[in-house]
Amino acid sequence: MAGTLDYRLDISGGDTNNQACRDGESLLEDCFQPFLNFNFERVKELTSLEKEKASRISQSPLWMSLLNIISSLSVAEKNYLALTFLEQKWFGRRESGKGIYTQAITELQKIELRRTSRHQQFPDPLENLIIHIADQLVHYIKAKQEMMDFYIKLCGLGLQKVEADFTEMVTTLQSICERYSKVFHHPLLAPLRNSWNYETDILSSLLQARVEMSHWRFLPSLLKLNDGHNKLEGWGAPFKAKEPKKKLSALVSVKSNPIPSLICWLLKYYLALLSKFSIYFHETLSEQSAPADIRTHLSNLSTDYFGKIVTFQKKADADYIFLVFDAHGSDYTGHGYHFPVGYTEPPKGLDSFPAVFSYPKDKLKPIHLWPNVVMLLSESSSSTERPVYFYDGQQQITYFIVKVDVKMSLLLVFESKKSEKDTNINNFLQDMVLCLRGTRLLSSLRQGSKN
């Protein structure tokens, strides 16, 4: 298979055969390069021009078959990046990409059956090249098919009513990458391999950032977000050719932009995670600049969580708004980055549920209420679909708690009686849950669009 074939040219087959092979390599390099630049029409144009020529190469049946497959692959790749494989299928709808990939594999395997030429004393160099490329393209297409299934599963998480743990998704993606990391390595396939690496590295970094945030780890979250952002900018570089200093997000916001839906979605996912990072680690970030500057930065994010909280607090007259972290089983050490100094004693008792965000900030944490809060948090852990409501008639205090992440809960405290069905409060809680869990964004994958 791919790891055992020898694709190096055998120059003993004659100058004519060697020249045909060199010409073939040059043409394949020209045909594959546009894949990295998302110029799929150019691929179809080049393959069509070559098939029309009456050259020495075009007389080879295997060569013609490979050109047809590359042309079909350009259509499949364009559909893949447009996420059409996630669209709902209707009667009479054109093939969205999966079928094209499957048909391409069938045709490539026909080429692989011609391996007998490798065992001849003077094998044909061009035929060897075509067979080797075909073998590795089969692996590449299988990798893309597995990624299709991965996106379908990822999209399904957006339809769940409970908060999902993305650790399993990270493990699944890493397994896919390991299986296919060394099986389409031919230099001529470098554009396909680079595109694959960009896509999987970006998605892996973003999903890992999400997991790290769920466990409230400041530095690992920051590093993964930065890595995902840098690689997004690299993958989208062809679209910034005219304005290289412009951010990709600025181009995505323009209507009718040429950027594929998958890249648009990954960018939106990054921006959503950046917004989430801004509220989870708000206390640490707020110490890095003047309050006015921080507010300006936050208002420019895709979701200004702090602005939402401030507006709601004024409108509903909430006395306290907290994000409470469940530190059980975690390496919680407090706000910001802490240099590793060996074993750290984990928090115990009421301290196992620290308030990592609080508003209004100038009000002291109501320590006397925390026993009730911990009790309600225990109840909310088994009821992640709906907020937990509790009114303490003796102290005349109302609590609303809803789980927004695997180990994070949003807590509202009112020093007065509030109705469990209060529309303003419930709308705020629902909006925060959908945004922080990323439910809407994951569901939007199904649309296969840039909206």
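Select helix α5 (residues 125–157) together with α6: their axes come within 10 Å and cross at roughly 175°. α5 is therefore roughly antiparallel to α6, a term for angles over 145 degrees. Axes are lines fitted to C-alpha atoms, for helices over the stretch in contact, and angles run from 0 to 180 degrees between N-to-C directions. Helices (H or I, at least four residues) and strands (E, at least two) are DSSP runs, numbered from the N terminus.

The model is predicted, so local features need pLDDT of at least 70 and side-chain atom pairs count only at pLDDT 80 or more, whereas totals for chains, interfaces and linings use all residues. Residues are numbered from 1 along each chain as its sequence is written, and side-chain values use heavy atoms, with hydrogens and water left out.

Next, show the side chains between these two helices. From α5, His139, Lys142, Ala143, Glu146, Met147, Phe150, Lys153, Leu154 and Leu157 meet Glu168, Met169, Thr172, Leu173, Ile176, Arg179 and Tyr180 of α6; contact means heavy atoms within 4.5 Å. This contact of α5 with α6 has 9 nonpolar, 2 polar and 5 charged residues. Ala, Val, Leu, Ile, Met, Phe, Trp, Tyr, Cys and Pro count as nonpolar, Asp, Glu, Lys and Arg as charged, and the others, Gly among them, as polar.

The contact of α6 with α7 divides into 9 nonpolar, 5 polar and no charged residues.

Now select Tyr270, Leu274, Ser278, His297 and Leu301, which lie nearest the centre of the largest pocket among its 22 lining residues. A pocket is an open set of points on a 1 Å grid over the protein atoms alone, where a 1.4 Å probe fits, with protein on both sides within 12 Å along at least five of seven lines; lining residues have an atom within 4 Å of a point. The lining divides into 12 nonpolar, 8 polar and 2 charged residues. Helices α8 (218–235), α10 (261–280), α11 (282–286) and α12 (291–299) each supply at least two residues of it.

Move on to helix α13 (residues 305–316) and helix α15 (residues 423–437), which pack at an angle of about 170° with their axes 11 Å apart. α13 is therefore roughly antiparallel to α15. Among the contact residues are Phe312 of α13 and Phe428 of α15.

Finish in two loops. Select Pro360, found in the loop between β2 (355–359) and α14 (370–380); the peptide bond from Tyr359 to Pro360 is cis, with omega near 0°. Then select Leu83, in the loop between α3 (61–81) and α4 (98–112). Phi of Leu83 is near 60°, a positive value in a residue other than glycine.

How values were computed: Angles under 35 degrees count as roughly parallel, over 145 as roughly antiparallel, 65 to 115 as roughly perpendicular and the rest as oblique.
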